[in-house]
Structure formats: structure tokens, C-alpha cells
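Subject: Structure handover

Hello,

Here is the structure I promised to pass on. My notes follow below it.

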Amino acid sequence: MASADRIAYFNGRFVPEREVLVPFRDRGFKYGDAVFDTTRTFGHRIFKLAEHVDRLYRSLRYLRIDPDMAPARMMEITEEVLRRNLPLLEPDDDYWVTQRVSRGLDDAHKDTWNQHGPTVIVECVPLPLAERASLYRDGIRVITPSVRRTPPQSLSPRVKTHNYLNMVAANLEVRSQDPDAWAILLDTAGNLAEGLGSNVFLVSGGVLLTPREQTVLSGISRETVIDLAREAGITVVEQDLDLYDAYNADEAFLTSTSLCICPIATVNGARIGTAVPGPLTRQLSEAYCRFVDFDFVGQYLKRLG
Ligand code: PMP
């Protein structure tokens, strides 16, 4: 696919991606003073757009950024960006679809670029299906780095901002030890928090466990899994979980928009459970596939060739 052909929304216009040129004095670039949200498509159909836009607006309110448009308009624009880009997508591929809003320029620079409001971008990019395919066969190797997740007292982890440096630093540490491992950060008390773009779940004695929302981003796929588990009569508990809990878990998995549910094989080298995926992880993955009416596991595994 020619990425040069993709169209994005940029401050009121639909333009080729290469024409999305953000001024270097934009506060999103200078300070990470911006928020974003990302959903995906399943078989070219967008997933829980309203829930993602709702979370975007909660992030905006937290940072007191006025996007200068109602959520309904943000949804319309997102659907239009997707509509314009779907013809570029291979039948078996799917998109990440993202809204980005920065506070824009400081007053002193607004006239230079003739931009007075926030910077608003809506864009999409194909999911990295091939790169991640083996994770569904082998499970993810998780490492907990020494870098701790930013505590809620400093900046709420529930906000999805453009500043991912906390998690970038964590990932650098992990990838230097094992280039294929994924970071799960601990919080400052030593409890499991979350990954660069994912939430973590453990299974213990048939009960599904996950860290409390206060200390992590409230993942839309996290919420989806909790709902599906409860519908299936599985007990779900949100609580502090540490490495003792992880090493003793029967199963563990990550959730995210792109991964949906992906099994964890090891944590810091310790094998979790006996099968990848474990029985409850498999049951929930199947429920997720039915819910989105799409076999996301098959979509990944197909890329193994
Ligand atoms: N935690 C963080 C820090 C994230 O960036 C993401 C990705 N948005 C998640 C968790 C998972 O959230 P979701 O299920 O909505 O993709």
C-alpha cells in the first residue's frame, strides 16, 4: 500500500498525510502538551468509536484543552477519514484510527503560522499484524523494568497524553535486555501497572485479576474483557497485584486495542502456567472474537505463513 496516498484530517481540511505539517512551536511538539486516542477496525469496521472519543474528551478535560468541536463532530471526521482510506487497505488488513489534539501554539507565535486554535489531527495507519503474529503462537515475554509508572500524584495515568517518555524509557531498558520482550511497568509501590500501550490481567484459581483503574489507563479493551468475563460468570477483581501474584498466576495476558487479548508466556523469565494460551485466556479470546464478530487471533496467525 502506498502510504503517500493516505488522507488525514488536519485543522479543518482533509489532506494527504505529507501535508500534515505541525509548526515546530506547537506545544504538543515542545512539551507533549496534547492528547490522543486510538481505536482499530475489525474487518474494516470501526470498534467502539464513541467510547474512544469519550475517553479522548475526558483526557482533554483533564488537561483543560478546548478542542473547539463537539464529540459528535470528532466522530464524523473520524468516520470520514476512515471512509477515504479504506480503499487503500488490503482485504485482510485493518487500521489503527487515531485522533490527536494539541493545545496549539502559544499566543506569541499564533500569527506567524496563522493558527489560533488547537491542533487537531485524525489519521489512520495499518496494524502491525505480521510483526506481532508470533506473539499469539508463543506468548509475550514480559519484563518489569526498574523505571516505575508515573504515579497518579504526578500525572494521572488515566489520561492518554502525547508524552510517553515514562514508558519509552521503560521500553528502552527492557528491549536492551531482550529485543522481543514487552515492558510491564510496576507502580511506585511495586505493584503491576501497565505496558507501553496495554493493560495486564492475571488468572488465579479461576478468578480474573487486574490492577485498579486509578493507577492505569482505563483501556477500552480492558473494559471489554471485564464485561465479557462477567457475562460468562467469571469473577473479576480489580486489586493491587505484585510480582508474587504474577509468578504464581495460572495464566496472564495483555489487552489493548490492537492486541485485543494476547497471552503472556513469561514474566522476568519465569514461565506462567502450563499452556499458551491458558484455558481461560482462550475462552475470553473466543468471547472477544464473537463480540467483535471477527477472528482477530486468526488474522494475526495467518501472517506466520
Ligand atoms: N495503557 C496505556 C498506557 C495505553 O497507551 C493503552 C493503549 N491505548 C492501553 C493501556 C490499552 O488501552 P486500549 O485497550 O484502550 O487500547
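Is Arg64 buried or exposed? Arg64 is exposed, because its relative accessible area is 74% and the exposed class starts over 50%. Please keep in mind that this is a predicted model.

**Backbone points**

Arg64 sits in the loop between α2 (49-63) and α3. Its phi is near 55°, a positive value in a residue that is not glycine. Asp68 is found in the loop between α2 and α3 too. The phi of Asp68 is near 65°, again positive in a residue other than glycine. Asp68 counts as exposed, because its relative accessibility is 61%. Most residues other than glycine have a negative phi, and most peptide bonds are trans. The peptide bond from Val276 to Pro277 is cis. Its omega is near -5°. Pro277 lies in the loop between β15 (270-271) and α9 (279-292).

**The ligand**

Which residues are closest to the ligand? They are Lys160, Tyr164, Glu194, Ser221 and Thr257. In total, 17 residues surround the ligand. For Ser221, a side-chain N or O atom is 2.2 Å from an oxygen atom of the ligand. For Glu194, a polar side-chain atom lies 2.7 Å from a nitrogen atom of the ligand. For Arg55, a side-chain N or O atom is 2.8 Å from a ligand oxygen.

**The largest pocket**

The largest pocket has a volume of about 860 Å³. It is lined by 42 residues. Closest to its centre are Phe36, Lys160, Tyr164, Leu196 and Gly197. Lys160 and Tyr164 are also listed among the residues closest to the ligand.

Which element gives the largest share of this lining? It is α6, with six residues. Several elements each supply at least two residues of the lining. Among the strands are β3 (34-42), β5 (95-102), β6 (119-126), β8 (182-186), β9 (192-195) and β13 (251-256). The helices are α6 (165-177) and α7 (220-231). By class, the lining has 16 nonpolar, 18 polar and eight charged residues.

**The cavity**

How many cavities of 30 Å³ or more are there? The count comes to one. About 50 Å³ of space lies in the largest cavity. Rolling a probe the size of a water molecule over the atoms shows where empty space is left.

The cavity lining consists of Val142, Ile184, Leu192, Val200, Leu202, Ala246, Ala252, Ile264 and Val267. By class, that makes nine nonpolar, no polar and no charged residues. Strands β10 (199-204) and β14 (260-267) each supply at least two of the lining residues.

Take Leu202 from that list. Its place is in strand β10. Leu202 is buried, because its relative accessible area is 3% and buried means under 20%. Beyond its neighbours within four places in sequence, Leu202 is in contact with Leu192, Val207, Leu208, Leu209, Leu241, Asp245, Ala246, Ala249, Glu251 and Ala252. Leu192, Ala246 and Ala252 also line the largest cavity. Tyr247 is 45 residues from Leu202 in sequence. Their C-alpha atoms are 9.8 Å apart in space.

**Two buried helix residues**

Asn85 has its place in helix α3 (residues 71-85). What is the relative accessible area of Asn85? The value is 0%, so Asn85 is buried. Leaving out neighbours within four places in sequence, Asn85 is in contact with Arg6, Ile7, Tyr95 and Cys124.

Ala133 lies in helix α5 (residues 129-138). Ala133 is buried as well, because its relative accessible area is 0%. With neighbours within four places in sequence left aside, Ala133 is in contact with Tyr300, Leu301, Arg303 and Leu304. Pro16 is 117 residues from Ala133 along the chain. Their C-alpha atoms are separated by 30 Å.

Best wishes

Technical notes:
Residues numbered from 1 in each chain as written. Predicted model: local features only at pLDDT ≥ 70, side-chain atom pairs only at ≥ 80, totals over all residues. Heavy atoms only, no water. 1 Å grid on protein atoms, 1.4 Å probe; cavity = no way out; pocket = protein on both sides within 12 Å on 5 of 7 lines; lining within 4 Å. Points joined across faces, edges and corners; volume = space filled by probe spheres on them. Helix = DSSP H or I, 4+ residues; strand = E, 2+ residues; numbered from the N terminus. Nonpolar A, V, L, I, M, F, W, Y, C, P; charged D, E, K, R; others polar. Buried < 20%, exposed > 50% of the residue type's maximum accessible area, 1.4 Å probe, protein only. Contact = heavy atoms within 4.5 Å. Near = heavy atom within 4 Å. Polar contact = N/O pair within 3.5 Å; in protein donor to acceptor, adjacent residues only side chain to side chain.
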